[in-house]
Amino acid sequence: MHSLRLMNRRVLYIKASNSCNSRCFMCDSWRSKIDFIDDEHFNAILERMNGVQLVRFTGGEPLLCDNLSGYIKKCHSKGLYTSVITNGLLLNDRIDSLVSNGLNQIIVSIDGSHSELHDSLRGVPGLLNRISIALERIAEAYPHLIIRANTVVSAKNIYDLPNLAQWLCAHGVTQWSIIPIKLNGYKWANHISLDDFIQAYENFLNATQKYTMNLLGYSSKWAINPIRFWEGTQRIHPIDKCYYAQMVAYYDPFEERIFPCNCLPHRDSTIVSREDNEFWEHEASLCQGCEPLNAWISDNHCNTKIPIFNF
């Protein structure tokens, strides 16, 4: 394991599974070898979580990991909050065990307001219906559980965002994080006309004024300058230096590496796992594109009152 100290990191991402049971068009995790974090690696990282307040389990698909509830229980016993990012396919089957062992937050990937769209983007027929059933059950049995939706926006679903906002509100989702697609070489101008992009983006902005969920970070203005964003000449990143790495780390037990943010493990980058903080506070222009929430957290890094579940 990399020798990085985890002092003063508020959030630690742990990759609990190397594989996935969905076939999302923007991700190849489903092609990976089936593998899960083991007790040895989890216990080792748990011993080094000085200052960490929230452990967020990710993947792949973390709900494939049979020991996940046990890991959540261990975190809970140490006074740590826990969160899971999931495609939702197994959510209804696992929710009782997760919550009874101390889970605080569920983050579900939801990319469309109807099955034809969402299921095609995620490669699993019937997936949105399974998510809907799980969310209805959570609302009834576990109203204290914090529910967030992550939406990867591309030209395939940008027109549906107003409908999705309505769907999320109707299903008790209180937080929404918009993530513009970050496929290597993806350029909006190659997939949608400028006029259509601007109109769809304006429709999204209008919908955010109508519905009441909390749009996290810069999710309410993810296109920044719509024309330059469409052209591919402007991308989301922190205004100045990247301070996100002072607050977050990402642990991959399969590579035995710790990354300075949750974006870097999923893309090619010259910014590698390093222990010196000065390197981590790199100029934001070096980044290949941030997430709206991460960029906002970096720009507001001096605000110690950011709720932990808003990370």
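A: In this predicted model, nine strands form an open sheet whose order is β7-β6-β5-β4-β3-β2-β1-β8-β9, with mixed pairing. At the edges stand β7 (214-215) and β9 (257-259), and because each has a single partner strand, one side of each is left without a neighbour in the sheet. As a general point, strands of a sheet pair through backbone hydrogen bonds, and they do so either parallel or antiparallel. Strand β1 (residues 11-15) and strand β2 (residues 54-58) run parallel and are joined by five bridges, and V11 has L54 as its bridge partner in β2.

Another strand, β4 (105-109), leads on to a helix, for the buried residues of α3 pack against β4 as well as against α2 (68-77) and α5 (127-141). In α3 (residues 91-100), the buried residues are L91, R94, I95, L98 and V99; they lie on the same side of α3 because they cover an arc of only 130 degrees around the axis. The exposed residues D93 and S100 are carried by the face of α3 that is turned away from this buried side, and just after the helix G102 takes a positive phi of about 115 degrees.

Turning to the nonpolar cores, the largest has 76 residues, of which F57, I106, I110, W176, W188 and W222 touch the most other members. Its largest share, six residues, comes from α5. A second, separate core of 21 residues includes L54, L216, C242 and Y250, and L54 is also the residue in β2 that is the bridge partner of V11.

Note on methods. Residues are numbered from 1 along each chain as its sequence is written. This is a predicted model: local features need pLDDT of at least 70, side-chain atom pairs count only at pLDDT 80 or more; totals for chains, interfaces and linings use all residues. Side-chain values use heavy atoms; hydrogens and water are left out. Buried means under 20% relative accessible area, exposed over 50%, partly exposed in between (1.4 Å probe, protein chains only). Helices (H or I, at least four residues) and strands (E, at least two) are DSSP runs, numbered from the N terminus. The arc is that of the directions from the helix axis to the C-beta atoms. Contact means heavy atoms within 4.5 Å. A nonpolar core is a set of buried Ala, Val, Leu, Ile, Met, Phe, Trp, Tyr and Cys residues joined through side-chain atoms within 4.5 Å. Two strands pair if DSSP finds at least two bridges between them.
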